[in-house]
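Got the sequence and the 3D view open? Let's take a walk through this one together.

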Amino acid sequence: MTGADILVEALIRNGGKYMFAYPGGASMPLHQALLKRGDQLRTILPRHEQGGGFAAQGVSRSTDGIGMCMATSGPGATNLVTALADAKMDSIPIVAVTGQVSQAVIGTDAFQETPIIEISRAITKHSFMITANDHTDPDSVREALLSIPRIVKEAFFIAKSGRPGPVLIDFPKNIQTASIEVDDIDWDPAMKLPGYRPLHRKPIPEQIKQSLAAIRRSKRPILYVGGGVINANAAEELTAFAKKSNIPVTMTVMGLGAFPGDDPQSLHFLGMHGTAYSNYAINEADLLLAFGVRFDDRVTGKLDEFAMHGKIIHVDIDASEIHKNKEAHIPVVADVKDFLVALNEAFTEEDKPDTADWWKQINEWRAKYPMSYNQSDDWIYQQYAVDEFWRQTKDQDTYVAVGVGQHQMWAAQFYKFRKARRWLSSSGLGTMGFGLPAAMGVAAANPGKLVVDIDGDGSLLMNIQELATLHCEKLPVKILLLNNQHLGMVVQWEDRFMEGRRAHTYLGPIDHPEALGHGDGTIGDTYPNFVEIARGFGLEAAQVREKKDYPAALNKMLTSKGPYLLDVICPYQEHVLPMIPGGKTVRDMILK
Amino acid sequence: MKHVISAVVVNQPGVLAQISGMLASRAYNIDSLAVGETENPEFSRITFVVSGTDRTLDQVRKQLEKLIPVVRVVDFANREFVERDLMLMKVSACAVKRAEVKELVEIFRGNIVDVASNHVMIEISGKEQKLEAFIDLMRPFGILEMVRTGRIALLRSNEENVDIAERAAHEDPTAAA
């Protein structure tokens, strides 16, 4: 059995089901091995390694499994870098495999050689290189081959346990092609990770007692929950606790779906573009139940003034998040699911805080500052486009991936997720081009489900090549393209903070008046022609410009069988509101 | 505030690069870093001197602990420990001055390890303050070159004597506490 065969077998034995892999010189033996095991592991050919990396995230974010991607050495490996960094920022478990040049030429600047382990060290949770101590010594090579099942087991364990993250395995070609007898291989070896004890920390009864006391005494408590709750598969426990305690719930962008978005107890998301009422509520709260969150700057704005009146119960599995940005009064390093289970068990009717006045206040804010948008004219406003999409799909188990920018925030604001793992957003790194390939991963891992990529025209173009993957691999992703011909979020900042000067934010030809901001504000012919592009890739596609045509056009896409692109022409003058400018406070919130 | 932090790490290629890279990317100020094998060749001990606020130092420790090859991190602040720094120094000393230099070296319990016609090489070890004092004394003679290992340190008490590394090596990473 060759090294490549051993690796693929080990991936399967550790639960790997979907591999997004782009072949090249240093990974061809691995592809030969993947070919043999196509019955157990579906290999999908993305059209760019970055797309493959995001698709792997699509698998991990939408299921409880671990997505995988593979690239060859050199440019293949460096093309994965952004997807690894993205997974690190959002704590998404993926296992990436890169081919590497043979050990005999490592360090000689060989063709397609890059030190990918060195390049990616800061953006992976951990990395491995499968090497022989002495590549000229058959015993040493044999030892390297025998270590493969252990390395793969460790890679999967590290990716998923504790605070999840991406793990890279760099695999030189000489070990891929070397071989040993299959009978000599131990497929379930003991792991050798003396420095890694992710399951050690459990919530202790004293912390539960203290938390209950703080909850009981609070007058204005708020649940501030994030991606940690999703990663811990603790949405159910969280919802149960929220219902029992009647404490309002606000989510981070990563946390959407942890609590049903259309439940009246949800204040939806908080932070820079969160709802006004969630930001007012957290500002006035006297107790923050901060579960699986990291007090990110997009949530807190000016740190010193964020939630100034609130005591903080901070539960996170990563000890380095506790006290990092905000001092916690009750710090708990634990899996948030273990904590919630213990909290739910201990919680009695007497612990229920009296929140009647608090709810009255929150509902006043909600009535005074609702999420709203212009419904008066014939434009297809992006908010309306998402809102209508929500109405048409709310009773269907729908997965939504997004790119980065205005459309991402509007999708977050106006789509209400009822379940965890239905919303995929590059939140920490903010990578344009994330939506389409991520949706591709979701479609592969969740056959039969409706998977929609809400995208912007800037973001979509960054990984447009993946339209080919949708067609060729029969992945029926629907693309709801909110096309405003601009880099809308940057335009919004130009309008708000830079006197509206257009600096390379118009996406059409440079001799068009709009390129300098001198257009008449309407959108005539659009560029590029996304409908023709999509059709060229083999997708069905349509463009819609008028509001009255939108619901039917949308319905046609949603009920179509294969992949489909709906090019929705939207105004570029619209701003994502409310907005708390970076580093500012809730008092600086822009509402209009 | 300066702290001495000691980390036991798995002795594998790239671990030093990983640790120094993490410290640099998070903009922590490292005054010195010394690394060497422990009593168990599977593990190395890295001693850092880090300056920063208590909050920064708490973060340094936690971020180190997060790295997979890092087995254990101990901040020596407020604990009894022995620290040493080793220095080699070439001091300009013609025949006339040599006796004076030799006397100072003896007072500081150093050694002259090489003699040339116009300079001597001195080996001296001790706590940082001692080395600093010695450097100040040698300056007027003319320091030609010097090199230091950076601080290394061990706790005095018995509590750390258990072979942490050995114990850790036999624990199952999937086990709960």
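First, some housekeeping: residues are numbered from 1 along each chain as its sequence is written, and chains are lettered from A and ligands numbered from 1 in the order in which they are written. This is a predicted model, so to speak of a local feature takes a pLDDT of at least 70, side-chain atom pairs count only at pLDDT 80 or more, and totals for chains, interfaces and linings use all residues.

Chain A holds 23 helices and 18 strands; helices (H or I, at least four residues) and strands (E, at least two) are DSSP runs, numbered from the N terminus. Its radius of gyration is 25 Å, close to the 25 Å that the globule rule gives for 592 residues, so chain A is as compact as a globular protein of that length. That radius is taken over C-alpha atoms, and the rule is 2.2 Å times the number of residues to the power 0.38. Along its principal axes, the C-alpha trace of chain A spans about 75 × 65 × 40 Å.

How much of chain A is buried? Buried residues are 56% of the 592, where buried means that 20 or more other C-beta atoms, placed from the backbone, lie within 10 Å of the residue's own.

Now find strand β3 of chain A, residues 67-71, where five of the five residues are buried. G67(A), C69(A) and A71(A) point one way from β3(A), while M68(A) and M70(A) point the other way. β3(A) has parallel partners: three bridges join it to strand β1 (residues 18-21) of chain A, and five join it to strand β4 (residues 94-100) of chain A. Two strands pair if DSSP finds at least two bridges between them. For landmarks, A21(A) has M70(A) as its bridge partner, and C69(A) has A96(A).

Next, look at helices α1 (residues 3-13) and α2 (residues 28-36) of chain A, which pack at an angle of about 50° with their axes 8 Å apart. That makes α1(A) oblique to α2(A). Here A4(A), D5(A), L7(A) and V8(A) of α1(A) meet residues of α2(A) including P29(A) and L30(A).

Finally, chain B: the contact takes 24 residues from chain B and 20 residues from chain A, with residues in contact if their C-beta atoms, placed from the backbone, lie within 7 Å. On the chain B side, α2(B) gives the most, with six residues.

Methods:
A residue is buried if 20 or more other C-beta atoms lie within 10 Å of its own, exposed if 12 or fewer, and partly exposed in between; C-beta atoms are placed from the backbone. Axes are lines fitted to C-alpha atoms, for helices over the stretch in contact, and angles run from 0 to 180 degrees between N-to-C directions. Angles under 35 degrees count as roughly parallel, over 145 as roughly antiparallel, 65 to 115 as roughly perpendicular and the rest as oblique. Two residues are in contact if their C-beta atoms, placed from the backbone, lie within 7 Å.
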